[in-house]
Amino acid sequence: MGGEKTTSRFFTPEGEEIISPVDDFDIPLLSGDDEGSRDSWDSLVDQRRRDAVFREVLQSYDQLRTRIGSLTDAKNKILSYTPGAWIENVGGMTLSDYDVPKTTSLLLIGPKGSGKSSLVNRISKVFENDKFASERAQVTYNSSVGDGTYFLQEYTIPRGSNSFSLYDTRSLSDDASDNINMIKLWIMEGVRHGELVIRRSDSSSLRNRMRCKAHKIGCEPSVIRKVNFVIFVVDGLAVLKSMEGDSDVEKQYNQIVATTFNCPYLSFRDDKPVVVVTHGDLLSLTDRARIRTYLGELLGIPPAKQIFDIPESSDPENELIIVDMLRYCLEHADRNLSCKSCARNKV
């Protein structure tokens, strides 16, 4: 018996026609305990769910345009933020019951070439009064040469403020155990500006070279800060290539992303990191939506709300995405602050 066929077509704000992935999918009619039909039905349900998520992600770009007028107010809320400002008074707890840091620390992690340092510069520019100020983070333009950032770098946002800071870190390794050990150290023991990051898999020559650089700097140890939330940065081009790849080497990028993202040290209670997708300016809107939808399913987070597409541009739409992302991070950082011992006794 033939099934009903569905066709789902719609258009992006730019006029680009999108054909839904469920186009021409044959809907099976179940009869009895037909396992084959049930499998087909389950597959169809999954496909329709993906299609609905894909459309929600696409619509989020259109919704963003309608919110441009709120950019100034949204920026002011970030500028007026102080640690603990968005704590929710639940469970009989108040602000005085929490260990509120002097500065909320957001940790940026991601694979090599994902654009962590470029993201720091884009975020900083959003809140700079001087639009001609030089970029703060050193950007590596040839990711095949070295690892880029070897020392933890703290950047207060806005410049000179103590409200919150971004920590630029060394890129992830191809070795999963290296990544877990590195993340565990940062989350359990804190992060320190200027600290050299050495991995177990680093060669002796690389270690000596890095230690020589550290010795030349010769600065006094800085304050150790507790990590309050994590921003996971991925390269949209690399994700797409890995999605469409057939070989194990091509699929490796997304495997590293998934394995590292699911490291328990990166979660704060039930809250997983925010994901930022970079280099979207080199992709079509359809591919950008596909990437966010795919990552949402791969990582188990809502792509329209927790995965932020931040391309290499400085237009108002991109600024609003950055502000939305920071608002999400700071709210969740405050929500997951630890309690003071006396508050635990009170509870």
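Which residues have the most contacts inside the largest nonpolar core? They are Ile-231, Val-275 and Met-325, in a core of 67 residues. A nonpolar core is a set of buried Ala, Val, Leu, Ile, Met, Phe, Trp, Tyr and Cys residues joined through side-chain atoms within 4.5 Å. Helix α10 (residues 316-335) gives this core its largest share, 10 residues. A second, separate core has six residues, among them Phe-54, Val-57, Leu-58 and Tyr-61.

The model is predicted: local features need pLDDT of at least 70, side-chain atom pairs count only at pLDDT 80 or more, and totals for chains, interfaces and linings use all residues. Residues are numbered from 1 along each chain as its sequence is written, and side-chain values use heavy atoms, with hydrogens and water left out.

The chain holds 11 helices and 12 strands. Helices (H or I, at least four residues) and strands (E, at least two) are DSSP runs, numbered from the N terminus. Of its 347 residues, 47% count as buried. Buried means under 20% relative accessible area, exposed over 50%, and partly exposed in between (1.4 Å probe, protein chains only). Contact means heavy atoms within 4.5 Å. Among contacts with a separation of 6 or more, 70% come from residues 24 or more positions apart.

Neighbours within four places in sequence aside, Ile-231 touches Leu-106, Leu-107, Leu-108, Ile-109, Leu-119, Leu-166, Val-274, Val-276, Met-325 and Cys-329.

Helix α7 (residues 248-261) has 14 residues. From first C-alpha to last, α7 reaches 19 Å, close to the 20 Å expected at 1.5 Å a residue. The expected span is 1.5 Å times one less than the number of residues. A kink of about 30° is centred on Asn-254. The bend at a residue is the angle between axes fitted to the seven residues ending there and the seven starting there. Asn-254 is itself buried, as are Tyr-253, Ile-256, Val-257, Ala-258, Thr-260 and Phe-261. The buried residues of α7 pack against α4 (176-189), β10 (229-235), α6 (236-244), β11 (274-278) and α8 (285-299).

Strand β6 (residues 153-157) is largely enclosed by the rest of the structure, because four of its five residues are buried. Strands β6 and β7 (residues 164-168) run antiparallel and are joined by five bridges. Two strands pair if DSSP finds at least two bridges between them. Ile-157 has Phe-164 of β7 as its bridge partner. Six residues lie between the strands of this hairpin, where Gly-160 takes a positive phi near 85°.
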